[in-house]
Each structure stands twice: as C-alpha cells, then as structure tokens.
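Dear colleague,

I am handing over the structure below, with its sequence, and my notes follow it. Please read them alongside the coordinates and keep both together.

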Amino acid sequence: MGSGCSSLSYSSSTCIATAFSISSSSSSSSLKLNPISFRFQTPTNLRNQAPLRCGRSLAMESQKPMFDVEKFDDEFVQKLVYDALVWSSLHGLVVGDRAYQKSGKVPGVGMTHAPIALLPTPFPETYWKQACEVAPIFNELVDRVSLDGKFIQDSLSRTKKADIFTSRLLDIHSKMLESNKKEDIRLGLHRSDYMLDEETKSLLQIEMNTISSSFSGLGRLVSELHQSLLRSYGDQLGLDSERVPKNASTSQFADAMAKAWLEYNNPRAVIMVVVQPEERNMKTLAEVEKEGRVQEDGTLTVGGQAVAVVYFRSGYSPNDYPSESEWNARLLIEESSAVKCPSIAYHLTGTKKIQQELAKPGVLERFLDSKEDISKLRKCFAGLWSLDDPEIIKKAIEKPELFVMKPQREGGGNNIYGDDVRENLLRLQKEGEEENAAYILMQRIFPKVSEMFLVRDGVHHKDQSISELGIYGAYLRNKERVIINEQSGYLMRTKVSSSNEGGVAAGFAVLDSIYLN
C-alpha cells in the first residue's frame, strides 16, 4: 500500500501525479494542465457512462506450452528489448531518472523507461477469474469495516501503545468519532495483492491497500506494451496477444474520481492530490496546513480554492509527517466535507492488524451477510496471527523461514524474513509483550519460480523470478446509494526469486503483465 509510482505520472525521487482538468467542449473531453489540482467543468457524458471492467476473461483452449527463454538467441532478445524501449519512450512508460539532477523539476527532462519484464508472466485463468471476482467483495468489506469505529479502535488498541504512527492516526479517527463526523460520500481506490502459492495451489492475499494504491497508470501501459510485442513477434514466440487481458485501470480510477467530484456537486471545486515533498504541480501536507481552511459549512479551501476530492499520494508513512504541520493538515482535511481518498477510517481499515483481525473465525460475519461471499474471501486468506499467540511464536522461532513478520507500515522494505524473524521474536520476548502489538505474523507464500527477462536502465538480464498480482478495485458510495463497486484493472510485479522485498520504486521489482493460460 503506497509504494511505487502513482497511476498518473512520475518524479525523480518518489512518483508524481500530473494535475489536469477535464472540460466538455463539443462531444469530447480535453485535458489541460492545472498547476494546483484537478478542476472539472461538468462533463455531461460521465453520469451515464457504462462502467469499464477489469479485463475480459478469455475462453481458453487446452493449455499450450509457454516460451522457453533458454531457446532465445541473443540477437532476437536484443531486438525485443530495443522495440520495448522505443515503445516505452513513445507511450510514456517512463519514470524520472534519479541520477539526473533536473529530473522531476524540469518537465520532460531526465526520463528513463520504467523497470519492466520483457514478456508477460504466465498465469492460470482460473485464479485470474477468482481474483477479479472477489474485488467488489473486498471493496464492500472495506466500506463496512470503516463504518464500525469501535471495531477499528478496539482492534488497534494494543497497537496504539506500541506504534506511535498508528497512534497518531487513531487519534484523528477518535476525534472524528467524538464529533460524530459522517462521511456521506466515500471513495475507495484499492488494490488487493496476491501470490499463487505453489505448495497449496491457492491464490493467497498478501495485503489490501486502501491508500495510495500505486501503478494503475504504468501497469496499464505495461499490459499494452506486451500486447504490442506479441502482435509483432507472436509467431516467433508462439504466443497470442489476445491472452494478455485488457487493463483499464487508469481510466477506471479517473472515472471514479470524476464521479466523486460530481457527487460533491460544486462545479467550482477541484480535485487535489496530496504528494510527498519535491514533487511538481501538487500540494504537500505542509502546504495544505499553511494554505488550508475549513469554512463554516465544512468546505475545505486551499489557497482560496474549494476542494471537492482529496487524493492521498502521501500520508501512508511516518516519513510523510516530519513535523506537526503535516499532522495538522491531515486533521484539517478529515474535519472538512471534502471527499477523502482515503478517509482516516478507510486508511486504518487497510492496516496489517485489521487484516489479521478479519481473518479470525467469525469476524467476517460481523460485516458481510452473504455466506457465499464470506467463503470466497476466506479462500484467499493466508495464515495470519498476532504476536500474543505463544504457540505460533514458538513455531516461528523454530522455523522462521515459513513466516513473514510485518510491522504496521506501508511501502516496500519494512517486512522481516528468515533468521531475522527469529531474532526479532526473541528480542521482543525479552522486551515484554507490549511491543508485540506493533507486528503481526503471516504465513510465507512460496510462488512458482520462472526464468524471465527483466529490463532496468536499458539493460536486460535473465533471472529466476517470482510474481505478485494486484487487482485494483474502485468503490464510490453516497449515503445508501452505491455508485461504483467494481474490479478496475490489474498490476503484475515480478522480481528475482532471491529477493524478499518487492517494491518497484524501491528497486526490488519490475512492472509486468499476465498471460492467461
């Protein structure tokens, strides 16, 4: 949740979303840059627009053998790489080059292709269907959990004592509960991440991202890149471009934000993206604190401009709150009537501890009525345990390679693996039980290892790799009326199998797509 580039653009250090506005001139919408935020002149075609889908499922023939990279000669691979890099440059599959000083500060300067897999990763159609099918159920679950303030506060009460960052988020949530603040319009742009466990042959959920669900834009472009390569080289590869599912993640996320703006019903208001420092065209939390006000009617204004929707590309990490200014801004936004993506309740619903609580027997029944839906979600749950379970702690110390230790953090580079699990559990036993609440234990998933070509900085290399599938979901509700609840495209990330972490922006993984088999 929160690692990697946003769905909209790039930066040299983190990633950046480009602000734009939509105007309805004649029959089509046009885009123009706005240096502060999204501004909409009401597009008449949005209210009746048919929802887009995650990607069509294909009727598969009997499974065909996939490509064998060992049989590729170097000249053919070099041609594939060259064409992939040209396509990336022409279609915006690019990120800021961190080695270039002006990157992210001067538009169009210091760009490089995004790290990519050269060809799509094979993925069984059955599990693809399963992941897409449960996306709307997870969307609904997040919304219902967010409305149960007592469950959120109780579930995170011990974590609050051990984790200062979670404690500050809970303080804001508590203030909203005390003031009886209601979020009538609720917008969720989520991503549920999975791995296909080779041992159990199960699709298991890694986490549910409810804030800054990254890469919906670049992920779509990688799908299109692979479709283009297979159209050109499908005969040589023995692959069909139609088996790479269409990926409408960018347009579906943009559509959800536009519809949230329409529901807010203020044609002069804007959509504001909150970003990390050193990015262009947006507002940081510190700038919001300096320029923001909540009017008597609840309207959030920033620099005198009314804000309809706030999209958080920042705010998921303690590093995003270096001073009280950032915390003041987060509270200010939450106190306003602006649509938040996510609200503080949605944000907390995506924490590791809530994920672990929802996996307990009988807890899903508190929020969902359909036994069939509950069964579908439970099939996706990996083993999740709190650190107050002495039996599981003993097992994890004895066999740490079978577990992942997770703190309440989002973004890459935070999880604990291998012998470090044992060492940290032994350390916590000495320090006392209170610190245990800052972590959960999760079953380690062992996906299939495949040999793939990975391309970074213009150089390709062949390596043993594993992949992680993310399914986007969009949810929009105004009081009792559900406006959007759908799967909204996908993201595949592939990394070398020897790496524990998987963040693309952190340098561990590359962007990929799937080939249904």
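A charge is said to sit over a ring if NZ of Lys or CZ of Arg is within 6 Å of the ring centre and within 35 degrees of the ring normal. By that rule, the charged end of Arg330 sits over the ring of Phe312, 4.5 Å from its centre.

Please bear in mind that this is a predicted model, in which local features need pLDDT of at least 70 and side-chain atom pairs count only at pLDDT 80 or more, while totals for chains, interfaces and linings use all residues. Residues are numbered from 1 along each chain as its sequence is written, and side-chain values use heavy atoms, with hydrogens and water left out.

The protein has 14 helices and 23 strands, these being DSSP runs numbered from the N terminus (helices H or I, at least four residues; strands E, at least two). Of its 517 residues, 60% count as buried, where buried means under 20% relative accessible area, exposed over 50% and partly exposed in between, with a 1.4 Å probe and protein chains only.

Turning to the helices, the axes of H1 (residues 74-91) and H6 (residues 216-237) come within 10 Å and cross at roughly 145°, the axes being lines fitted to C-alpha atoms over the stretch in contact, with angles running from 0 to 180 degrees between N-to-C directions. Residues in contact (heavy atoms within 4.5 Å) include Phe76, Leu80 and Trp87 in H1, and Leu225, Leu229 and Tyr233 in H6. By class, this contact has 9 nonpolar, 4 polar and 3 charged residues, with Ala, Val, Leu, Ile, Met, Phe, Trp, Tyr, Cys and Pro counted as nonpolar, Asp, Glu, Lys and Arg as charged, and the others, Gly among them, as polar.

As for aromatic pairs, rings of Phe, Tyr and Trp (its six-membered ring) pair if their centres lie within 6.5 Å, and planes under 30 degrees apart count as stacked, over 60 as edge-to-face and the rest as tilted. The count comes to 11 aromatic pairs. One of them, Phe76 with Tyr233, is edge-to-face, at 5.8 Å centre to centre and 75° between the planes; Phe76 lies in H1 and Tyr233 in H6, so the pair ties together parts that are 157 residues apart in sequence. Phe76 is buried, with a relative accessible area of 17%, and Tyr233 is buried at 6%. Phe72, Phe76, Tyr233 and Phe453 form one aromatic cluster.
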